[in-house]
Amino acid sequence: MAGLLDDIEPLKQTALAELKAAPDLAALEQTKGAWTGPHGKFTALMKQLGTLSKEEKPAAGKLINAAKVELEAALTSRREELELAAALPKEPTDFTLPGRRRTLGKLHPLTQATEDIVRAFRKIGFAVADGPEIEDEYHCFDALNTPADHPARDAQDTFYLAGNDANSDSRNTQHATRDSRLLRTHTSSVQIRVMKSQPPPIRIIVPGRVYRRDNADATHNPTFHQIEGLYVDKGVTVGDLKGTVEFVFKELMGDDVKIRFRPHYFSYTEPSYEIDFTNALVKKMGKDWLEIAGCGMVHPQVFENVGYDPEVWTGWAFGFGIERIAMLRYGINDIRLLYENDERFLKQF
Ligand code: DAH
């Protein structure tokens, strides 16, 4: 059976050539099957081994095994080539093109405004303080000289937490449960927390989120942000308050800013004022003044409540809305835009 021995080499050469020429992975698998699969041509050759004589078998077996090893190697190397080719881009790469840049994220306009306000206050020695958004009536109202029967409390009648033992009934009586919890209506509650935790002097600002029972419209939202300020020392005057507010607003909005104090009422300050503000932007909106904050000299009763001697210590406090400032700065005409997180809006700032 010299025929079989002679067939091995040419068959192997053809198989090698076909494997090397396979244009893609699918074709390669098919070629492999055609040669070494159960019905492959090379498999058929091995099956014929049995028909050889005893003398011919070892030499033929050796040849066939060596050929098989060669075919396997050719298959593996072609497979690697094709896999690599499949992973490469179809189009040639132009290495002179500019690289793809990752777009940088941005801070939310409210965060930007808050950071700028904080930076302005830091320049004149104010530290940032913090307090809980879930407050109790004591810190939110009572300690701020706003007892349960005080009319000023109606305006801030707000989000009480479920499971409270103080329901709406108790809020309307003089015997309100003092530990009932609510979402804070203003950052003023942090004044109490800070004064109770440290002796005077104090120079803090408190940026934070507050909650009111407001219907959302272009200028209202049930959730918004305030910055509280508190300054306690000996011999503090309204002049200090006005100078500080003026300095910060000029830092924020430019040198053409004008500030006006209008008498007002807050139960935790005496005297109390509302701060009006104007500059070219406000004029452009067709307004003379824009109300921007509440403030005043800390009420002696508040000092009593936190254990400071009102005969010794004096101070002022203010609170203003961050949204209003951000809207003015960036020319935003609807407060709700600030909470929708629409990228097309946020990208602009
Ligand atoms: N808490 C007031 C509000 O939410 C703002 C305010 C007024 C804060 C007078 C103060 C203040 O600290 O002295 O409308």
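Q: In what order do the 7 strands of the open sheet come?
A: First, the ground rules. This is a predicted model, in which local features need pLDDT of at least 70, side-chain atom pairs count only at pLDDT 80 or more, and totals for chains, interfaces and linings use all residues. Residues are numbered from 1 along each chain as its sequence is written, and side-chain values use heavy atoms, with hydrogens and water left out. Strands of a sheet pair through backbone hydrogen bonds, either parallel or antiparallel. Strands (E, at least two residues) and helices (H or I, at least four) are DSSP runs, numbered from the N terminus. Two strands pair if DSSP finds at least two bridges between them. Here the order is 1-4-5-9-8-7-6, with mixed pairing.

Q: Which are the edge strands?
A: Look for strands that pair on one side only. They are strand 1 (127-128) and strand 6 (258-266).

Q: How many bridges join strand 4 to strand 5?
A: Strand 4 (residues 202-211) and strand 5 run antiparallel, joined by 10 bridges. Ile 205 has Gly 229 of strand 5 as its bridge partner. Strand 5 also pairs with strand 9, again antiparallel, over 8 bridges.

Q: What span does helix 10 reach?
A: The expected span is 1.5 Å times one less than the number of residues. Helix 10 has 16 residues and reaches 22 Å from first C-alpha to last, close to the expected 22 Å.

Q: Which residues of helix 10 are buried?
A: Leu 241, Thr 244, Val 245, Val 248, Phe 249, Leu 252 and Met 253. Down the helix 10 axis, these buried residues fall within an arc of 135 degrees, so they line one face. The arc is that of the directions from the helix axis to the C-beta atoms.

Q: What do the buried residues of helix 10 pack against?
A: Contact means heavy atoms within 4.5 Å. Their partners are helix 5 (109-123), strands 6, 7, 8 and 9, and helix 13 (322-330).

Q: Which residues have the most contacts inside the largest nonpolar core?
A: A nonpolar core is a set of buried Ala, Val, Leu, Ile, Met, Phe, Trp, Tyr and Cys residues joined through side-chain atoms within 4.5 Å. The largest has 43 residues, and Phe 249, Phe 277, Phe 318 and Phe 320 have the most contacts inside it. A second, separate core of 21 residues includes Leu 144, Val 232, Val 298 and Val 306.

Q: Is Lys 234 buried or exposed?
A: Lys 234 has a relative accessible area of 54%, so this residue counts as exposed. It is in the loop between strand 5 (223-233) and helix 10 (238-253). Leaving out residues up to four places away in sequence, Lys 234 touches Val 312, Trp 313 and Thr 314.

Q: And Thr 185: buried or exposed?
A: Thr 185 is buried, because its relative accessibility is 0%. This residue is in the loop between strand 3 (181-183) and helix 9 (189-197).

Technical notes: Buried means under 20% relative accessible area, exposed over 50%, partly exposed in between (1.4 Å probe, protein chains only).
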